[in-house]
Amino acid sequence: MAVEEKRAWSMLVVAVVSYAAYLWVVLGHPAAVPLPQAPYVEALLWTVGLSIAVSIAAHVVIAAAAPREANVKDQRDREIHRFGEYVGQSLVVIGAVGGLVLAMAEAAPFWIANAIFLAFVLSSVVGSAVKVVSYRFGFHPW
């Protein structure tokens with residue numbers, strides 16, 4: 001398995017696990033409190049911070065496990081990375097537009113923040129999944 005594929009797998013796992021943990025914390029609030037008034041800011045900041053730290057640590061471990069291959073990228077690796085990033089970034093744009101629409105509709109800050117956060121998570125998950133699928137089943141540029 002290529003080092004870049006391992007990195008894509010690690011990003012995929014970190015994104016899914018961290019968002020699941022965030023949902024568990026936020027949705028585990030007392031039933032008497034409406035969801036838009038649930039305390040989410042601290043959980044969101046911890047989730048983002050810890051997922052960044054875990055992602056960096058995973059990349060360091062992956063690079064340390066194969067130091068000779070850690071910085072070697074061929075043309076295929078670069079194209080797969082670029083394609084995965086393009087697909088993932090499109091979801092960030094969609095999330096930003098969704099956040100703008102929610103703000104213009106004067107939605108609660110809870111919904112705006114969670115729409116944008118979900119867009120970032122989906123960007124990471126879908127971008128990483130595209131990279132993994134490209135490595136597993138072949139990459140055929142258009």
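A residue is called buried when its relative accessible area is under 20%, exposed when it is over 50%, and partly exposed in between. By that rule Glu 85, with a relative accessible area of 31%, is partly exposed. The model described here is predicted. Its chain has four helices and zero strands.

**Overall build**

- Along the sequence, the elements follow the pattern α-α-α-α.
- The C-alpha atoms fill a box of roughly 55 × 35 × 20 Å, taken along the principal axes.
- The chain has 142 residues, and 35% of them count as buried.
- Among contacts with a separation of 6 or more, 82% come from residues 24 or more positions apart.

- The structure holds three salt bridges, and one of them joins Glu 85 to Lys 131, with the closest N and O atoms 2.7 Å apart.
- Glu 85 lies in helix α3 and Lys 131 in helix α4, so this pair ties together parts that are 46 residues apart in sequence.

- Glu 5 forms a salt bridge with Arg 136, and their closest N and O atoms are 2.7 Å apart.
- Because Glu 5 is in helix α1 and Arg 136 is in helix α4 (residues 109-137), the pair ties together parts that are 131 residues apart in sequence.
- Glu 5 is buried, at 5% relative accessible area, while Arg 136 is partly exposed, at 48%.

- Glu 4 and Arg 7 are both buried.

**Surface and charge**

- The chain exposes about 8900 Å², and carbon and sulfur atoms supply 73% of that area.
- A nonpolar patch on the surface is formed by Val 93, Val 97, Leu 100, Val 101 and Met 104, which together have about 510 Å² of accessible area.
- One of these residues, Val 101, lies in helix α3 (residues 75-104).
- Val 101 has a relative accessible area of 46%, so it is partly exposed.

Key. Residues are numbered from 1 along each chain as its sequence is written. This is a predicted model: local features need pLDDT of at least 70, side-chain atom pairs count only at pLDDT 80 or more; totals for chains, interfaces and linings use all residues. Side-chain values use heavy atoms; hydrogens and water are left out. Patches are made of residues with over 30% relative accessible area and no salt bridge: like charges are joined within 9 Å, nonpolar side chains (Val, Leu, Ile, Met, Phe, Trp, Tyr) within 5 Å. Accessible areas come from the Shrake-Rupley method with a 1.4 Å probe; for residues, only the protein chains shown count as cover. A salt bridge is a side-chain nitrogen of Lys or Arg within 4 Å of a carboxyl oxygen of Asp or Glu. Helices (H or I, at least four residues) and strands (E, at least two) are DSSP runs, numbered from the N terminus. Buried means under 20% relative accessible area, exposed over 50%, partly exposed in between (1.4 Å probe, protein chains only). Contact means heavy atoms within 4.5 Å.
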